[in-house]
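Please work through the following exercises with the sequence and the model side by side, and try each task before reading its solution.

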Amino acid sequence: MDIFAASPGLFCNRMLAHLISVHLCLFLSGLSSYLYGEKHNGSKDTTQFLLKRGIFLIILELTLVNFAWTFQFPPSVIYFQVIGAIGLSMIALSLLIFLPRWVLIGLGFLIICTHNLLDGVHFNFESPMYIPRAILHDRNWFSLGEIFKMRTSYPVPPWIGVICLDYAVGPWFGGERIRVNTLASTL
């Protein structure tokens, strides 16, 4: 979209969609993961919960969401977009929640602030790092043979940083709930 040629209504609509949709989904994913762990048996159950949900979102992206974009079954091209990126972020968080909260906060800020340093790193199609790089950071096409073509459309690393921060703010929300319940029981 050319921001200088777009109408103010279209510009505001697109800007709100970009700022609210993924950010809100990831915030709620990180926060709800923390609250789930508080309600259940802590990190072990939360890891399983996040791993299952992340895999489910990736499968959903590759099947139902892809079909909704292409109306083809089986598809000639698979698109890996926002839902898949959120799924990969949940899987990454499932491995990181065992870290202390201050480490999650530091790691989250580090990833968010430095992920663009990887913009200049590229690999040839023949390199074994081409496909992981395409999935994690680039908007790129790749194929495996004549049959399988895939388009990655959303970078994953910044969202891993965001979901780490969102998980780390969980105590603020859990603590409020506990404080209100304690206050209500004393009255």
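**Exercise 1.** Leaving aside its neighbours within four places in sequence, which residues is Asn-66 in contact with? Find also where Asn-66 sits and whether it is buried or exposed.

*Solution.* The model is a predicted one. Start with the place of Asn-66, which is in helix H2. Next, take its relative accessible area, which is 1%; because buried means under 20%, Asn-66 counts as buried. Finally, with neighbours within four places set aside, the contacts of Asn-66 are Glu-61, Phe-71, Pro-75, Val-77, Ile-78 and Tyr-79.

**Exercise 2.** Describe the setting of Ala-68, and state how far apart Ala-68 and Thr-47 are in sequence and in space.

*Solution.* Ala-68 belongs to helix H2, which covers residues 43-70. Its relative accessible area is 47%, so Ala-68 is partly exposed. Between Ala-68 and Thr-47 there are 21 residues of separation in sequence, and the distance in space, from C-alpha to C-alpha, is 30 Å.

**Exercise 3.** How do the axes of H1 and H6 cross, and which residues make the contact?

*Solution.* First, the axes of helix H1 (residues 8-39) and helix H6 (residues 157-168) come within 7 Å of each other and cross at roughly 45°. That angle makes H1 oblique to H6, and the crossing in which H1 passes H6 is right-handed. On the side of H1 the contact is made by Val-22, His-23, Leu-26, Phe-27, Ser-29, Gly-30, Leu-31, Ser-33 and Tyr-34, while H6 brings Trp-159, Val-162, Ile-163, Asp-166 and Tyr-167. Sorted by class, the contact of H1 with H6 has nine nonpolar, four polar and one charged residues.

**Exercise 4.** Repeat the analysis for H1 and H2: at what angle do the axes cross?

*Solution.* The axes of H1 and H2 come within 8 Å and cross at roughly 140°. Since only angles over 145 degrees count as roughly antiparallel, H1 is oblique to H2. Here H1 passes H2 in a right-handed crossing. The contact joins Ser-33, Tyr-36 and Gly-37 of H1 with Asp-45, Thr-46, Phe-49 and Leu-50 of H2. By class, this contact of H1 with H2 has three nonpolar, three polar and one charged residues.

**Exercise 5.** How many disulfides does the structure hold, and is Cys-164 buried or exposed?

*Solution.* The structure holds zero disulfides. Cys-164 is accordingly in no disulfide, and the nearest cysteine sulfur, that of Cys-113, is 13 Å away. With a relative accessibility of 0%, Cys-164 counts as buried, whereas Cys-12, at 44%, counts as partly exposed.

Key: Residues numbered from 1 in each chain as written. Predicted model: local features only at pLDDT ≥ 70, side-chain atom pairs only at ≥ 80, totals over all residues. Heavy atoms only, no water. Disulfide = S-S within 2.5 Å. Buried < 20%, exposed > 50% of the residue type's maximum accessible area, 1.4 Å probe, protein only. Helix = DSSP H or I, 4+ residues; strand = E, 2+ residues; numbered from the N terminus. Contact = heavy atoms within 4.5 Å. Axes fitted to C-alpha atoms, helices over the stretch in contact; angles between N-to-C directions. Parallel < 35°, antiparallel > 145°, perpendicular 65-115°, else oblique. Left-handed = near helix turned anticlockwise from the far one by under 90°. Nonpolar A, V, L, I, M, F, W, Y, C, P; charged D, E, K, R; others polar.
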